[in-house]
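Dear colleague,

Please find the structure below, together with its sequence. My notes on it follow, and I would ask you to read them with the structure open.

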Amino acid sequence: MAKSDDCVHILQGLLVFGNVVIGMCGIALTAECIYFVSNPHGVYPLLKATENNDIYAAAWIGIFVGLALFALSILGIIGVIKASRTLLLVYIILMLITFAFEMASCITAATHRDSLTPSLFLKQMLERYQKSEPANDSDNEVTKTWDELMLQNHCCGVLGPSDWQEYTSAFRLTHKDADYPWPRKCCVLDAQGLPVNLDGCKLGVPGYYNSNGCYDAISGPVNTHAWGVAWFGFAILCWTFCVLLGTMFYWSGIEY
Amino acid sequence: ELGYRPVLTQTPSLEGLTTASTFVLDQPRCVFGGYDNADIWLVVALDKAISTFNNTARPGTPETAFQGFPDPVPAYMTLNATLANYPCPKPAGDITVLRVGSETSCAQDEARPTCNGPLPGPGPYRVKFLALEGSEPVAETAWSAPITLRTAKSPSSISTTDSGHSAGMIAITTILSILFAILLAGLVAML
């Protein structure tokens, strides 16, 4: 009997420890998701213009799931210590629901991240950058975002300046090819914002224009956001899985 | 006829070597030796029309005006220069190019028939240099190889639906689904 008692105590100890970790991770998940939602990175207007906000939906779900995990972990600790069947049953069922929501959030973040390919941004840039009759505010936002992006990261286009040559664009409708093979922001600019050597830029002489594409600068923050939500959530769920299995085992061993 | 053949600039490598309406040639340095008094003109023609051009054509006339190219003018003359513009030998490190198609301001101006205006289509084009003293042709280079310009595709041809699924997303989905299924099975077994 003593040995069985020891086993029960060890299991209780493990479950309490597991729940403490879940509670802390829940708080961390909430904090991380609040950071992502309230601190949108510079390329947020481009994501908004794709009319697919799933990455942000995933972060919002993460906030609430984190709080739920914290609350449920407290319930779990109380249930394990008091060895109460009802409390633990409620705990298990609510945890399963939370598990399902967090699973949805992780998969949504990962899937949406996969859909943000260079082609998507290329098409959006060609159709909206410097559109002469902006249909709505998001077109102006797209233009401003691209200008800032190209200025700060010293890049041009999505894959390179040749994007502007290989495809027709809204920009090309108002700017002749001979004068503007690519936008002026692709040129190396001096302190006043004027091209250092305009002819060199138009010819494409190395050193007077930005030859690399901006896709890396865009995908960097987006990747951090998406994988931050998806992988951290995945780690929490793996740990929660173990704790829940342990709880189910403990529950079935409690005598009425 | 001189043996030189006009060629697109190879060094340095230029991103804008050919665009939709311009292209970049090497300047004819150390080619027209001895023709100090001649005007050196660039003749631009469609590949299929080079046989219709003869050297008695005079620049600045409606028959060689840029504004009439390509129909009815089969070849136009532009980029007037003298030997002083193309000193020999070429200083090392200098970029010596001619950008054909760079003047957009005079493209519609009939009063400027020697305008170096943007080319109207993807070509292919062939060019040669012609040296005239007075109105007499004294030297010419060979015709260049055909130069084809870039054609731009429409952005609607970019397919955005073809995104594959990354390994990470597939791993997350399968593993989480399996874990959730195990938990549900455990719940059912428990009750």
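Between domain 1 of chain A and domain 2 of chain A there are zero salt bridges. Please bear in mind that this is a predicted model. Two residue pairs are in polar contact between these two domains, both at pLDDT 80 or more. Helix 2 (residues 44-49) of chain A gives the most to the side of domain 1 that touches domain 2, with four residues. That side of domain 1 is made up of six nonpolar residues, three polar residues and one charged residue.

As for the division itself, domain 1 of chain A covers 1-116 + 223-253, while domain 2 of chain A covers 118-214. Each domain brings 10 residues to the contact. The C-alpha centres of the two domains lie 43 Å apart.

How much area do domain 1 of chain A and domain 2 of chain A bury between them? The value is about 830 Å², and 73% of it is on carbon and sulfur atoms. Of the area that domain 1 buries against domain 2, Leu46(A), Ala49(A) and Leu116(A) supply 58%, more than any other three residues.

An unreviewed UniProt entry places the feature "transmembrane region" at residues 12-37, 57-81, 88-110 and 229-251 of chain A. In the model, residues 57-81 of chain A are 100% helix and 0% strand, with end C-alpha atoms 36 Å apart. Residues 229-251 of chain A are likewise 100% helix and 0% strand, and their end C-alpha atoms are 32 Å apart.

Yours sincerely,
A colleague

Technical notes: Residues are numbered from 1 along each chain as its sequence is written. Chains are lettered from A and ligands numbered from 1 in the order in which they are written. This is a predicted model: local features need pLDDT of at least 70, side-chain atom pairs count only at pLDDT 80 or more; totals for chains, interfaces and linings use all residues. Side-chain values use heavy atoms; hydrogens and water are left out. UniProt positions are given in the numbering used here, feature names are shortened, and annotations may be inferred rather than shown by experiment. Helices (H or I, at least four residues) and strands (E, at least two) are DSSP runs, numbered from the N terminus. Domain bounds come from an automatic or database domain assignment. Contact means heavy atoms within 4.5 Å. Buried area is the accessible area (1.4 Å probe) that two parts lose on being put together, summed over both. A salt bridge is a side-chain nitrogen of Lys or Arg within 4 Å of a carboxyl oxygen of Asp or Glu. A polar contact is a pair of N or O atoms within 3.5 Å; within protein, one must be able to donate a hydrogen and the other to accept it, and residues adjacent in sequence count only if both atoms are side-chain atoms. Ala, Val, Leu, Ile, Met, Phe, Trp, Tyr, Cys and Pro count as nonpolar, Asp, Glu, Lys and Arg as charged, and the others, Gly among them, as polar.
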